[in-house]
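Here is a short tour for you to follow with the structure open beside the text. Take a moment to find your bearings before reading on.

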Amino acid sequence: MGNCFRKSLEIPISSSSDSPPHYQYRPISISSQPSTDPRPPRPPSKPAPSSGPITKGPSSSSQVGSILVKPYVDITTIYDLDKELGRGQFGITYLCTEKATGIKYACKSISRRKLVSEKDKDDVRREILMLQHLTGQPSIVEFKGAYEDPRNLHLVMELCSGGELFDQITAKGNYSEREAARVGRQIVKVVHVCHFMGVMHRDLKPENFLLISRDEDAPLKATDFGLSVFIEEGRVYRAVVGTPCYMAPEVLRKSYGKEIDVWSAGVILYILLIGVPPFWAENLSEEEIKGLKQMFNNMDTDRSGTITYDELKTGLSKLGSKLSEAEILQLMEASGRIDYIEFITATMHRHRLDKKENLYKAFPYFDKDGSGFITRDELKQAMTEHGMGDEATIDELINDVDTDKDGRIDYEEFVAMMRKGALY
């Protein structure tokens, strides 16, 4: 099953580290007026000397946190934490209000207990470093500060009250060309700004774009730089990171550069226009996709936008599905829930597997002597039996699909022939 469109519950893939050197954090001034032009990147070439804590605020203890390596800070002395805005694998995002100014922000509180390994801690430190470096750019969520206490690490950022682009996509289904162009331009601008600032995002997807308000044409801002790295000229990156549906092929080949962000932006644009991920949709009509959406809505009995294991099991049972318990659990993966487009992706993936199985069964029908190849005579016999063309048609077909020109059709050539609809 594809891991596309997993909301905040998804843990992006990260097989190894392409992290930059372990820089110490430097305090930065947060401008209330974002700059209009991106600044050239200046990642430090060596660790900078410590010049004080990342954030200001009363220290709750003389203890030093293991993540920020700064004294603990009681965040409630600086902000009033309000309602929950979202919940993810590592923590909870709250609405918060700065006591001194009354300005509202989003506070991402990450449980320190879940940052078990040193790699987990390095990932969070790197995200803070990236946010510090990029803050002030109009298309990037503005970073306010980081605070650590004995239980949690708190990242305070600009409040984007419109929610995720993901949620807007699932609500709309698909966009008009004009709407998709408007959103697509903003996504491309984010890629340009990141690259100009010397940052490769490596996990661009609809969940990582936030709308600043609930207005229909609200601007987008990029967030979640946990897998980002500074771009080093001439370096080939090899870590397999990101979310599978949006990964460029070069990532899987473990040889890539900043261009992979452009690929991910293209996948998002495709989804905006079509309503489903690419590479899975070629065998489903628009009506079939609408039917799948209705099926999802019928299963989503609590209208949460996601289907639980029990809802999926009950819904599939009513439809007479033959999926086993193990296959249903595989669909749910670790989160215990599946969202609309992940449901469509999984369904189309199964559709493709079923078709592949049918091709395996069909090949021996043509390969009468079991040689592993379909000869001209075997193809002619099968086509003649079903009135599917004269000798000239058969010759043309063999010439078209016999890519190695040995006068025979092997299984790979047969599959290519069937996918092109040559025998339909």
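## A helix and what follows

Please keep in mind that this is a predicted model.

Is α1 mostly covered or mostly open? Of its 17 residues, 14 are buried, leaving the helix mostly covered. After α1 comes Gly 136, and its phi is positive, near 100°.

## A three-stranded sheet

Next, have a look at the open sheet, where three strands lie in the order β9-β11-β12 with antiparallel pairing. The edges belong to β9 (163-164) and β12 (220-222), each of which pairs on one side only.

Strand β11 covers residues 209-211, and two bridges join β9 to this antiparallel partner. Within that pairing, you can find Gly 163 opposite Leu 211 of β11. A helix joins the picture here: α3, made of residues 177-196, packs on the sheet and touches both β11 and β12. The direction of α3 makes about 30° with that of β12.

## Two helices side by side

Helix α3 has another partner, α5, which spans residues 260-274. How do the two run relative to each other? They pack at an angle of about 165°, with their axes 10 Å apart. Angles over 145 degrees count as roughly antiparallel, and α3 and α5 are therefore roughly antiparallel to each other. The crossing of α3 past α5 is right-handed.

Which residues make the contact? On the α3 side they are Glu 177, Ala 180, Val 183, Gly 184, Ile 187, Val 191 and His 195. From α5 come Asp 261, Val 262, Ala 265, Ile 268, Leu 269, Leu 272 and Leu 273.

## A closer look at Glu 250

Our last stop is Glu 250, which sits in helix α4, residues 249-252. Is this residue buried, exposed or partly exposed? Its relative accessible area is 34%. Buried means under 20% and exposed over 50%, so Glu 250 is partly exposed.

What does Glu 250 touch, leaving aside its neighbours within four places in sequence? Its contacts are then Ser 255 and Tyr 256.

How values were computed: Residues are numbered from 1 along each chain as its sequence is written. This is a predicted model: local features need pLDDT of at least 70, side-chain atom pairs count only at pLDDT 80 or more; totals for chains, interfaces and linings use all residues. Side-chain values use heavy atoms; hydrogens and water are left out. Buried means under 20% relative accessible area, exposed over 50%, partly exposed in between (1.4 Å probe, protein chains only). Helices (H or I, at least four residues) and strands (E, at least two) are DSSP runs, numbered from the N terminus. Two strands pair if DSSP finds at least two bridges between them. Contact means heavy atoms within 4.5 Å. Axes are lines fitted to C-alpha atoms, for helices over the stretch in contact, and angles run from 0 to 180 degrees between N-to-C directions. Angles under 35 degrees count as roughly parallel, over 145 as roughly antiparallel, 65 to 115 as roughly perpendicular and the rest as oblique. A crossing is left-handed if the near helix is turned anticlockwise from the far one by less than a right angle, and right-handed if clockwise.
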